[in-house]
Amino acid sequence: MFNFLKDTIAEIVTENFQQTISPATIQINATPTDYVGDCTIVVFPFTKFSKLNPEATGNFFGEKLKEKNSHIESYNVVKGFLNIVFNQQFWLAELSKANADKTFGQLATTGRKVMVEYSSPNTNKPLHLGHIRNNLLGFSIAEILKACGNEVIKTTLVNDRGIHICKSMLAWQKFGNGETPASSGLKGDHLVGKYYVEFDKAYKAEIKNLVATENISEEDAAKKSLLMQETQQMLLDWEAGKPEVMQLWTMMNSWVYDGFAITYKKLGVDFDKAYYESNTYLLGKSAVAEGLQQGVFVQDKDKSVWIDLTADGLDRKILQRKDGTSVYITQDIGTAQLKYDDYKMDESIYVVGNEQDYHFKVLQLILKKLDKVYADGIYHLSYGMVELPSGKMKSREGTVVDADDLMDEMIEAAKQKTIELGKLDDGFSEIEKEKLFYTIGMGALKYFLLKVDPKKKMMFNPDESIELQGNTGPFIQYTHARICSILRNNKLQRISLEDSIKNYPLHSLEKALIQEIYLFPIKIEEAGKEHNPAVIANYVYNLAKEFNSFYTELSVLKAEHESEIQFRLHLVEMVAKVINKSMKLLGIEVPEKM
RNA sequence: GCCUUCGUAGUUCAACGGAUAGAACGGAAGUUUCCUAAACUUUAAAUACAGGUUCGAUUCCUGUCGAAGGCACCA
């Protein structure tokens with residue numbers, strides 16, 4: 001923030017104290033509202049070489065800054081804080097610049113290529129609330145990185161094979177009676193998920209039965225389970241390419257993909273490229289050979305392959321089982337290579353839950369040891385679990401908040417609320433109404449999940465968590481709709497922003513809005529750097545709040561001079577633009593009327 | 001057992017080591033002859049505990065208590 005001041009401060013230090021400091025280490029914040037100033041420089045660190053007390057140091061720097069920068073109107077010092085006030089010309093010039101910039105909010109091209117892998121579903125069950133957080137984060141961070149000037153490739157790695165898939169398949173074979181999405185009326189992914197739950201039920205019943213009748217431990221019962229043995233046989237058959245199994249697998253997966261397509265469309269997310277684990281699960285083999293040859297991996301007597309990471313503070317990790325099959329991390333090593341071969345990206349972001357923190361630490365370290373050029377570009381965008389009041393969601397037991405159900409409930413809630421408020425009296429066709437309910441409901445859901453720092457776990461109470469008032473998506477959408485309404489009713493005249501500015505003194509609420517607008521590109525950069533959409537969510541909420549205060553206290557249309565009204569209309573139009581662009585970065589639509 | 005995260009108003013979330021710890025919901029009290037009241041204004045309410053580091057600690061370090069997650073040839 002205010003980086004031009006940092007450079008000037010560094011200059012002052014060099015000229016007066018024969019020291020060099022890095023501009024990046026200087027702290028400049030927005031001034032808290034109770035103090036006079038636009039920004040605040042923390043001068044405590046400078047007292048070391050200024051040999052003055054904090055107040056005197058602040059005054060010294062304030063004076064020097066004012067000499068060097070014509071934009072500074074005044075300064076004041078409170079304790080060790082130097083508050084700077086910029087003059088009106090500065091803020092108006094910034095507003096003009098932003099207004100004239102057709103691509104405001106699009107940062108300069110970096111020439112960097114970034115891959116974002118997200119969603120990465122399993123094909124044995126429908127998506128749930130946790131997946132929604134993943135999808136929204138992935139989509140949003142991709143948008144933010146684009147705005148930061150990067151070329152972005154969105155990918156997903158579909159987990160379409162493995163023992164869990166076989167469980168659904170086996171249960172369907174045994175209990176399904178040929179049920180299909182068409183015959184049952186169920187969405188394909190829900191139908192398959194139903195049999196995944198069926199399997200778990202039948203399996204638990206079998207174990208219970210075995211324990212009771214044969215008087216053995218649960219552990220032993222698990223080994224004797226016929227269901228589990230059949231499932232494992234099915235996995236072997238799949239790997240051998242047995243036609244009946246492949247046919248069943250293809251059919252059931254296609255049901256799931258049809259279901260996912262609907263969910264993704266409703267969520268508003270998409271991918272440039274999908275990788276399938278059924279194509280990549282054997283890729284780790286060559287990596288194992290490579291690692292052994294380089295001496296990075298070791299092979300035990302039983303033929304299993306390992307890497308010893310104890311010197312790096314981690315564990316000894318298996319990479320290939322004694323039977324020669326590869327494990328999860330080995331596949332990831334292979335897939336990382338495949339992705340790099342395909343795209344040669346500079347950065348590769350994995351949007352994956354924080355229960356895999358350790359896994360990604362290990363993955364990156366192994367790739368480094370293998371001297372892979374792309375190892376440093378790997379970034380695990382780790383996000384916290386979404387928790388329910390009742391505890392953790394368990395898809396095996398079916399105790400989940402289903403993604404499709406939740407979206408429908410949100411849209412329904414938006415509908416009820418909208419009708420209750422009497423918002424739709426005029427000018428909405430049935431189609432427009434449905435579209436509006438969808439936009440508001442999804443806006444509420446998306447904002448709710450994105451406003452929280454991704455790293456942190458979050459609590460979701462299905463009964464009361466999602467509000468449409470307060471710090472919510474609909475609040476921001478509503479603010480946008482009000483501005484659009486003002487602009488509809490009061491067409492901007494042909495007076496340009498520059499001509500409407502003239503020289504009347506800016507009201508503090510007008511200035512506050514200009515300051516928020518000024519922050520937009522800075523926030524985008526910050527969000528990109530931190531891989532954190534919540535930065536944008538908090539920003540746009542503040543902007544909307546700032547507008548609401550302005551709107552309530554000032555009125556756009558009742559200024560003293562016509563040029564001032566025109567100026568306010570320009571200003572407010574700019575606010576709407578920034579809200580629109582910010583929300584786009586979050587993947588949230590903003591209606592013009594609601 | 002070892003490792004990693006996290007404990008902030010009643011609740012859900014904020015706060016690059018910076019000023020008097022901010023919002024929202026819920027509670028209390030107000031504001032619609034006027035641009036959309038899903039709004040605005042006022043008000044009560046919190047850093048788990050004990051030490052340490054320094055000009056300054058919710059933030060960094062140590063310990064205690066509490067919560068979640070990971071590690072054993074699952075993905």
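Q: Two strands pair if DSSP finds at least two bridges between them. With that in mind, over how many bridges do E1 and E2 pair?

A: Welcome! A quick caution first: this is a predicted model. In general, strands of a sheet pair through backbone hydrogen bonds, either parallel or antiparallel. Here, E1 and E2 pair over 3 bridges, in the antiparallel sense. You can find one spot to look at where Ala30 stands opposite Cys39 in E2.

Q: In what order do the strands of this open sheet come?

A: Read across the sheet: the order is E1-E2-E4-E3, 4 strands with antiparallel pairing. Strand E1 (28-30) and strand E3 (72-78) are the edge strands, each pairing on one side only. On average, neighbouring strands of this sheet are turned by 25 degrees against each other, direction ignored.

Q: Which strands does helix H3 lie across?

A: Helix H3 (residues 54-68) lies across E2, E3 and E4. Angles run from 0 to 180 degrees between N-to-C directions, and H3 runs at about 175 degrees to E3.

Q: Let me zoom out. How many helices and strands does chain A have?

A: Chain A has 22 helices and 14 strands. Its C-alpha atoms fill a box of roughly 90 × 70 × 45 Å, taken along the principal axes. Of the contacts in chain A with a separation of 6 or more, 73% join residues 24 or more positions apart.

Q: Which residues have the most contacts inside the largest nonpolar core?

A: That core has 124 residues, and those with the most contacts inside it include Val116, Ile144 and Val575. Leaving aside neighbours within four places in sequence, Val575 is in contact with Ile483, Leu513, Ile517, Leu543 and Phe547. Apart from this core lies another, of 11 residues, among them Phe297 and Leu319.

Q: Which residues come nearest to RNA strand B?

A: Of the 69 residues around RNA strand B, Gln27, Thr40, Asp453, Gly470 and Ser485 come nearest. The surface near the RNA divides into 29 nonpolar, 22 polar and 18 charged residues. Helix H18 (473-489) is one of the elements supplying at least two residues, and H18 gives the most, with 8 residues.

Key:
Residues numbered from 1 in each chain as written. Chains lettered and ligands numbered in written order. Predicted model: local features only at pLDDT ≥ 70, side-chain atom pairs only at ≥ 80, totals over all residues. Near = placed C-beta within 6 Å. Nonpolar A, V, L, I, M, F, W, Y, C, P; charged D, E, K, R; others polar. Core = buried A, V, L, I, M, F, W, Y, C linked by C-beta atoms within 7 Å. Buried ≥ 20, exposed ≤ 12 C-beta atoms within 10 Å, placed from the backbone. Contact = placed C-beta atoms within 7 Å.
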